[in-house]
Amino acid sequence: MSHAGTIIGIPGLEIERVKRSRGIEVWARPYRRPPCKHCQSPDLRIKATHKRTVKHTRQGNQVMILHLRVPKYHCQG
Ligand SMILES: [Zn+2]
């Protein structure tokens with residue numbers, strides 16, 4: 001597992017930025033685009049990107065705020 005994956009404990013995310021203050025804030029996005037859920041086509045175009053903010057607590061009671069950029073895909077197939 002990568003160092004970034006170790007930070008948040010969620011595999012498959014690419015870390016863009018980390019800010020440490022009282023807690024930790026992490027900006028991340030999915031590492032690779034998945035194939036289409038319906039037809040398995042890898043030929044997906046990013047239609048829009050949604051922002052999600054998740055409060056994530058790791059072991060050790062340290063609260064982490066995770067800013068996720070979740071792409072919305074449009075299938076070409
Ligand atoms: Zn499809």
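I began with Lys55, whose bridge partner in strand E4 is Ile65. Strands here are DSSP runs of E, at least two residues long, numbered from the N terminus. I took two strands as paired if DSSP finds at least two bridges between them.

I noted the basis next. The model is predicted: local features need pLDDT of at least 70, side-chain atom pairs count only at pLDDT 80 or more, and totals for chains, interfaces and linings use all residues. Residues are numbered from 1 along each chain as its sequence is written, and side-chain values use heavy atoms, with hydrogens and water left out.

I then followed the sheet. It is open, has 4 strands in the order E1-E2-E4-E3, and its pairing is mixed. Strand E1 (13–20) and strand E3 (44–57) are the edges, each pairing on one side only.

I went through the pairs. E3 and strand E4 (residues 63–75) run antiparallel, joined by 13 bridges. E1 and strand E2 (residues 24–30) also run antiparallel, with 7 bridges, and form a hairpin with 3 residues between them. There, Arg17 stands opposite Trp27 in E2. E2 and E4 run parallel through 5 bridges, and Val26 stands opposite Leu66 in E4.

I checked burial, where buried means under 20% relative accessible area, exposed over 50%, and partly exposed in between (1.4 Å probe, protein chains only). Cys36 is buried at 6%, and Cys39 is partly exposed at 42%.
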